[in-house]
Amino acid sequence: MNNFWLNVLVNVIIFFVVFIGFFIFYGKSHNWFKEGGLIYEWWKNKRASIKEKRKKRNN
């Protein structure tokens, strides 16, 4: 892999780390992860759905 593609790969990885960090910062500052927040409610419904599927599969 030549130097150009190595730099591109490093920059893409850094971009995704910064993007995810910004998403987490923005979400925490707008209470997305607390009860009643966007991510909290989505994850709660997702877990309930998974538990329901497991319950149906085991019966």
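Accessible areas here come from the Shrake-Rupley method with a 1.4 Å probe. Keep in mind that you are looking at a predicted model.

**Whole chain.** Turn the model along its principal axes and the C-alpha atoms fill a box of roughly 55 × 35 × 10 Å. How much of the protein is buried? Buried residues make up 5% of the 59.

**Helix α1.** Select residues 3-29, which is helix α1. Step just past the end of α1 to Asn31, where phi is positive, at about 55 degrees.

**Nonpolar patch.** Now pick Met1, Phe4, Trp5, Leu6, Leu9, Val10, Ile13, Ile14, Val17 and Val18, and show their surface: together they make a nonpolar patch of about 1,100 Å². Zoom in on Val18, which sits in helix α1. Is Val18 buried or exposed? It is exposed, because its relative accessible area of 54% is over the 50% cut-off.

**Aromatic rings.** Show the side chains of Phe22, Phe23, Tyr26 and Trp32, which ring pairs link into a cluster. The whole structure holds 7 aromatic pairs. One of them joins Tyr26 and Trp32 edge-to-face, with 5.4 Å centre to centre and 80 degrees between the planes. Tyr26 is partly exposed at 36% relative accessible area. Another pair, Trp42 and Trp43, is tilted: 5.7 Å between centres and 40 degrees between planes. Trp43 counts as partly exposed, at 45% relative accessibility.

Last stop: select residues 38-58, helix α2. Which residues form a salt bridge? Glu41 and Lys44 do, with their closest N and O atoms 3.3 Å apart. A search of the whole structure finds 1 salt bridge. The two partners are 3 residues apart in α2, so about one helical turn separates Glu41 from Lys44. Colour both by accessibility: Glu41 is partly exposed at 26%, and Lys44 is partly exposed at 35%.

Definitions and conventions: Residues are numbered from 1 along each chain as its sequence is written. This is a predicted model: local features need pLDDT of at least 70, side-chain atom pairs count only at pLDDT 80 or more; totals for chains, interfaces and linings use all residues. Side-chain values use heavy atoms; hydrogens and water are left out. Helices (H or I, at least four residues) and strands (E, at least two) are DSSP runs, numbered from the N terminus. The expected span of a helix is 1.5 Å times one less than its number of residues. Patches are made of residues with over 30% relative accessible area and no salt bridge: like charges are joined within 9 Å, nonpolar side chains (Val, Leu, Ile, Met, Phe, Trp, Tyr) within 5 Å. A salt bridge is a side-chain nitrogen of Lys or Arg within 4 Å of a carboxyl oxygen of Asp or Glu. Buried means under 20% relative accessible area, exposed over 50%, partly exposed in between (1.4 Å probe, protein chains only). Rings of Phe, Tyr and Trp (its six-membered ring) pair if their centres lie within 6.5 Å; planes under 30 degrees apart count as stacked, over 60 as edge-to-face and the rest as tilted.
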